[in-house]
Amino acid sequence: MLGSDTSEESAQKKENPLINLCRSWASSFWRFIRSSPIGAFGVFLLILLGIIGLAPGLFAPYDPDKIFFDSLKTPPDSEHWAGTDFLARDSLSRIFYGARITLIVAIISIFIGDVLGFIWGVATGYLGKKFDLISQRILDMFIAFPTIILALLILAALGAGLFTIIAAIALIRIPSTARVIRSVALSVKETQFVEAASAIGASELRVMFRHVAPQCFAPLLIVASAGLGSAIFTEAALSFLGMGVPPPTPTWGNMLGGVLNELFQPPWWLVIFPGVAITLTVLAFNLFGDALRDYLDPRLRGRLD
Amino acid sequence: MGKYFLRRLLLAIPTIFGVTILIFLAMRVIPGDPLRSIIGEGQIYVLSDKELADVKASLGYDKPLVIQYLAWMQDVAKGNLGYSFWQKDKSIADMVIRRGPITLQISIMALLVAWAIGLPAGIISAVKRNTVADYSIRGFVTLLMAIPNFWLGLAIILFTVIFFRWRPPMELATLWGNPWQNLQMTIGPAIVMGFSFGAIIARMVRSSMLEILRDDYVRTANAKGLASSTVIFRHALRNALLPTITISGLYLGATIGGAVAVERAFSVPGLGLSLIYAVQARDWTVIQSLVLLFAVAYIIINLVVDYIYAFIDPRIRYE
């Protein structure tokens, strides 16, 4: 009986690799939560934000573009918990809908920028020689700009909008990610299993993607999670400057930008709430990123600081 | 030492060259040809094809890109940054000379504020590790790192307007001409940027101090009976400051152009504010000159930081 049971179990394991994968992910997630309660708090905030971002309509009391003609710039009250703005729209609803744009821009741009930076970093670190030399000079060129200036230059050329701001933030991510991944790839390249793989005749591409790249994956996760916070900062600053996603689409940055016209008598609720939203989001990403870094590889601490 | 200096200098030249090409190309792909609509007497006047060709010829934009690029480089080399695209009498060089010092002054003041806050916080946090002081400093640092600095600026202005009926002046005042007004204008941005950057410095000083306090030479210093303040300040801190110096240089370089959002929040008439207005108005002659200026300033400051670093840490030179 017992024997047949275990064989059945193992057969089931073989049949369902997906379930096993989920199980191992769930257990490492649980270990991550236990290793850092503060990181867990960050994860909790992020899940909350994710839900708000996916379905802002469930939480927002009103349509973000609905105009309440009898309450222009009214302070928070029982009807409008975060007040109304200078076009008499409900602020709280706009903050909830703003979460969506903020998360979309941050996640997509970091994904694109870091994947490209990853490939570039692995290639230049592993191939070395002339390719490395030339690509280092190209990266130098991009790193020579303060990041927000480079983003502004790109947006000046392409015009403001959702896609261009994603492109701009992705582009300014590439050089720094490529640098970090390159330094990791350089050290992986010297290990014996890479030497062994080349010795048995694996092609350069195969060694690069099957043997070197997986070793650079943990650093990539760390870089990417740290980058999400800074991407939100950049997006908020650019939208604040009027170079991001244009109104009426609400983003936290352009909500703050709207205040600029009335700085002599600024309505405090329009300044405070969007900023608190940005701060909480960036805080959540930073706490999660720090915990992830400690969890995945404590040795990286010095290199990334 | 001389060889190292020369090598770093030579590496900067292709970078600057690449930067100019990048800026030049970015400015030539602007869609919706800025030449098409030229502001006439208070209204936008759309040019006909014939007029457009004439304007292009008069500005030299009918020539091949290479020639245009070389002409621009020639002007830049002569220090001639040209004029605003929309206001032909507004010299860009003049603007840089008038507004540049304000931006630079704010960056330096911010750096001083950051050191004044970050250094003691980092040292206390490392020396009194895992005490209430350490935890509260780290909590404060984590919070500060999540606050966008331009929003902190808006909040400060809000606070002073509501409680003191005062807001920082927006009229340009130089440090020499009108120091009192200049100080009122620059102190806000300097504090805001200084706090954000101070958090980063505190974090960095703490982690490098912790690492160094574990080193053998610190143990030796303690063992031979030196006062703990001597060990901390004379032995440990000196080495812990190395990474802080590098990052301070990078920060200075980045804020010379990168403080646009803070300058906008305070409406400080610095170069960052000029850049953002130029981007909004698609004044591309101003954009290309200012971006070039920021990039070159950034490269030069990085170079200087490398030199200082090589000077205080001799290991770098022999790598």
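**A look at chain B**

Analyst: Chain B has twelve helices and two strands (DSSP runs numbered from the N terminus: H or I of at least four residues for helices, E of at least two for strands). Starting at the N terminus, they go α-β-β-α-α-α-α-α-α-α-α-α-α-α. This is a predicted model, where local features need pLDDT of at least 70 and side-chain atom pairs count only at pLDDT 80 or more, while totals for chains, interfaces and linings use all residues. Residues are numbered from 1 along each chain as its sequence is written, and chains are lettered from A and ligands numbered from 1 in the order in which they are written.

Where they meet, 14 residues of domain 1 of chain B are in contact with 13 residues of domain 2 of chain B (contact: C-beta atoms, placed from the backbone, within 7 Å). On the domain 1 side, helix α1 (residues 2-28) of chain B brings the largest share, eleven residues. By class, that side has eleven nonpolar, two polar and one charged residues (nonpolar: Ala, Val, Leu, Ile, Met, Phe, Trp, Tyr, Cys and Pro; charged: Asp, Glu, Lys and Arg; polar: the others, Gly among them).

And what about burial? In chain B, 36% of the 319 residues count as buried (20 or more other C-beta atoms within 10 Å of a residue's own; exposed is 12 or fewer, partly exposed in between; C-beta atoms are placed from the backbone).

How values were computed:
Contact = placed C-beta atoms within 7 Å.
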